[in-house]
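Subject: A structure for you to look at

Hi,

Here is the structure I promised to pass on. Please open it next to this email and follow along as you read.

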Amino acid sequence: MKKRSRSAVRRLASALLAPGLVLAALPAITTPAYAEDGSQQARVLTDAQAAELESRFTAAPSAQKATAPSDTAEPPAEQPQDAAPVTLTEASALETYRGNAETAPLGGGKGDFLAVHSLGLITRFTTGGRAVWKRDNDSLYADWHVKPLRPWDKEPYPAHITVGYEANSPYADLADRGFAQGDLTGDGVADVVFTAKVGANPYRPFTSPGSSLTTGSFVTALDGKTGATLWSQILPDAQQVALAGRTLLVADQPSNNFGADETLTTKLYGFRFTFADGRLTPAATWSYDTGQRDGRWASVTALSDTAAALSWYVRKTDTDPAASQTLVIDTADGTPHWQTAGAMYGREAVVDPSRNRLVAIEQSDYTDGVRYQLVGYDLANGTRTVLDERVNAVGTELAVGELKGGGGVEYAVAEATFDDDFYINAATVRGLRGDGGTELWSYTVKRDESNRLDGDSVLGLRIANGKAIASYVTTADRGRAINAGGRRYGTITVLSGGDGSVRWSQKGMVASPIYAEPYQAGDDWLVRTIGNAQNIHLYRLDNGTSAGLVPLLADLSTGVAVDVNGDGRKDLVAGGQSRGLWAFDGPSLAAGKPRVLWQATLPGAVYGDIVLGDTDGDGRRDDLVVAAETAAVIVDATTGRVSATIDQPGQFVRSVTVADLNSDGADDVLVPTDAVRAYRGSGRQLWSYAPQGTGPVAFSDLAVTDGRVLGSYQTAYQREPATVEEMALDARTGTVAWTASPVWTGSDPKIYGAQLFHGVYASPAIPYADGHAAVATWIVRDDNGWWREFFEFRDVRTGGVVKTALGGGSFTLGNWFTGDEGLILTGTASLQTFGTDGNDYLIYTVGAIHRAGFATGPGGRRLLVGGTEGAFYIWDPSVLTAGVHYPDHEARLQRYATQNVVIADLTGDGVDEIVGLHNENLGQDRMAELSGYRYDMGVDNRIHGMVTGVVTNS
């Protein structure tokens, strides 16, 4: 329903609203309603105000905005060329789910449903959540035969499938649904047609067979039974598709594409197909031409197999008023049955079959004052009737259905109002009588008094079984890491259709901010929604209780190698953004056909390192201990069965440590949050420790050595904490062996925080204190005022300091590991070695390395492997102590937004494979917040996934 324009101001024109409103030309309404601030004048916005408002009024962004496209942009600096000794080859790649997702029952699918993700993924799922088929960016780009024009643009960006208001804002020029379904092949299963914008944002010009366009929208038909591509065509800027029977309708507005032919006008194309040999071929085509170069499509709505309703408009300019057309066409040839001219912009359009009416939200141009009207068009002749009008409000959603359950078709409308600074201060859902627009009830969510920015807004609205289902962009905690920028939370609120009272509500990482799909399952009504943490949630419509949860294979950021199926070869267990944990067959990853052995569902997302241990004392290290956001969870590595869930109420569980604390032959579990708590593998608590008289604290990751539990802590959420301390506890009892305060002798002697992530590390291979040393990391300011990492090495036995050193900037610590060279620290774009020869070494890397480790290469050769932002590299380990910055790499594999790595022999041939995983910025941000800081890296534009590399001799 809306389409993206080329400048912020012109995009906003749609925002607030859609341009132009000449009230004199519209049917009069006696008493328009006004927003709650009491103003009796429609507020007029400037271009700057409108543009700024649009930039905020949106669902959670799926990717960062890109800079303006430039054909003259220089390629990035050349990386060092791969040397001969070893080669890294991609063995397999598995793209993971990203973006806002809409679900819909698949016609003829026998209960199966579609999930369409805004960042280029379409999946058919069974009712239980098993994928029948999945199309991702890799497979779609292959079918589109897209090749980059610029040689350095090797990796594509996600295709943007138009779902909801995700790509921009509810006011922007953008369709509310970029996919449709209908049986085009005649096999009884609905096929799926979608439109995806490619190459425009971020700019990555391409070539595609049969087209001169270098960016554009691919309209693609997929076989609903198999997921195979049936047909595809590129158009300049098609963001709306609909199916009227077997006629595909595609709305294109070429002036939005700077590379399109300047003579092209805004058109609706109709396609009818023949099907043979697995392909659809256009047998008949036609077009409806608006005659406008800068026309914008507002809605394309199928009415029947032979008719469709259209709405388009031309924006107001300095010389011309806004103009719009609403019409019904014959889908056989595009001939209009009737058309009605207007001066407001269409926002939403829904059919009311009981009254033979098209119901629409229409918005004025923001320069004419903020207002919207709910209107009805008689489908027989196009007569337009104003049902309701609201001043100083924006209509954001519309639903038509039986609000009162058998009492006839009524309407539900969602709107937003603004304060004097044009921040959203209230979101209202109103129930209206269908016969005349009289208000039946209203329900308003006001902005929290402490919030001076945008409050919540309704971007999704459905009616089912006598209830209104509203989906909200949710701003609670948007200033905190857990919902940074409003990117994670959503809210579903179900209202009684009779009086608007709240039946139930679910808020947080448990709902989409846009979509909730009601559907009937036997005698029950359920609501299905995919939250931004990529879990499919099912709720009972009557009371909101959970009816199920299915985690999707979203960003995988942490993993461990273990033989899951007993074949003597290592497999991979990985988790991350969603509540799922997956075991992948190791040989299948190396062979190019990833195979899932099992999947487990956890209480929350997976953070920190997955640790392998023997918690049941059976002599086998086959128990996985996982930090799952709200609990520590023990999972049987061979079956995926959860054997114990150790809840930590009210705490953020982002780390676990496993060790046999009492020498009974079974590993125990340590969980650091506001205290250090020790548990048996059964979940029974052994002991806990928290310092006395300090107030709430946050503990670092822990280490266990020499019968002691080592950690650090600070006053929680304080940048200049009142308490900073390192401690050693007796592993058996949890009693204090020693505590020590860090001492920094710089010009500013304050300790500004404890590094929580990998903040304490111990190993007999640390070359100090005769193998009894541990290192703790603190945040300080150096003599130049820069934030730095400060390391204190202490003798575990006594607590005495044996060495100090400075590292990189705060929160740049990746991981510690040891080798023949000594103790190595991976920092952002650096490797720091504390040598066995008594010397310290530092090198910087060309790729911004974040994690590293040693691998065994062909012939048993030692290799150094590092994960960067989008690739992993191999160096000879000699670079660690050679003292040469930016050393040449021997091999590199660039794929996805990989950063973390798992190094393991997956095939049993004695040579390690390398698995690249995504970064874990959210957990880093939440941990930094505990230290009084933030680590919000925003959202990147990369395709995400897991990639496996095979190392061979050149």
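Below is what I found in it, going from the whole chain to single residues.

A quick word on the ground rules. This is a predicted model, where local features need pLDDT of at least 70, side-chain atom pairs count only at pLDDT 80 or more, and totals for chains, interfaces and linings use all residues. Residues are numbered from 1 along each chain as its sequence is written, and side-chain values use heavy atoms, with hydrogens and water left out.

**The whole chain**

The chain has 954 residues, and 61% of them are buried. Buried means under 20% relative accessible area, exposed means over 50%, and partly exposed is in between (1.4 Å probe, protein chains only). The secondary structure comes to six helices and 70 strands; these are DSSP runs numbered from the N terminus, with helices being H or I of at least four residues and strands being E of at least two. The accessible surface is about 33,500 Å², and 47% of that belongs to carbon and sulfur atoms. Those areas come from the Shrake-Rupley method with a 1.4 Å probe, and for residues only the protein chains shown count as cover. As for contacts (heavy atoms within 4.5 Å), 55% of those with a separation of 6 or more are between residues 24 or more positions apart.

**The core**

Which residues touch the most other members of the largest nonpolar core? They are Ile122, Trp144, Ile161, Phe194, Val198 and Phe218, out of 30 residues in that core. Strand 4 (113-117), helix 3 (137-144), strand 10 (191-198) and strand 12 (216-222) each give two or more residues to this core, with strand 10 giving the largest share, four residues. A nonpolar core here is a set of buried Ala, Val, Leu, Ile, Met, Phe, Trp, Tyr and Cys residues joined through side-chain atoms within 4.5 Å. In soluble globular proteins, nonpolar side chains tend to be buried together.

**Strands side by side**

Take a look at strand 14 (residues 238-244), where seven of its seven residues are buried. Strand 14 runs antiparallel to strand 15 (residues 247-252), with six bridges joining them; two strands pair if DSSP finds at least two bridges between them. Gln240 stands opposite Ala251 in strand 15. The hairpin these strands make has two residues between the strands, and Gly245 there takes a positive phi near 65 degrees.

Then jump to strand 70 (945-953). Strand 70 pairs with strand 2 in the antiparallel sense over nine bridges, and Leu88 stands opposite Val951. Strand 70 also pairs with strand 69 (residues 913-918), again antiparallel, over four bridges. There, Glu913 has Val950 as its bridge partner.

**Salt bridges**

There are 43 salt bridges in the whole structure, each one a side-chain nitrogen of Lys or Arg within 4 Å of a carboxyl oxygen of Asp or Glu.

- Arg895 and Glu90 meet at 2.8 Å, N to O. Arg895 is in the loop between strand 67 and strand 68 (898-904), Glu90 is in strand 2 (residues 86-95), and they are 805 residues apart. Arg895 counts as buried because its relative accessibility is 16%, whereas Glu90, at 32%, is partly exposed.
- Glu155 and Arg942 meet at 2.6 Å, N to O. Glu155 lies in the loop between strand 7 (147-148) and strand 8 (160-161) and Arg942 in the loop between helix 6 (921-930) and strand 70, so this pair ties together parts that are 787 residues apart in sequence. Glu155 counts as buried, at 15% relative accessibility.

**Two tyrosines**

Is Tyr752 buried or exposed? Tyr752 is buried, because its relative accessibility is 6%. You can find Tyr752 in the loop between strand 54 (736-740) and strand 55 (753-754). Leaving out residues up to four places away in sequence, its neighbours by contact include Trp787 and Tyr933.

Tyr886, in the loop between helix 5 (879-882) and strand 67 (891-894), is partly exposed, with a relative accessible area of 47%.
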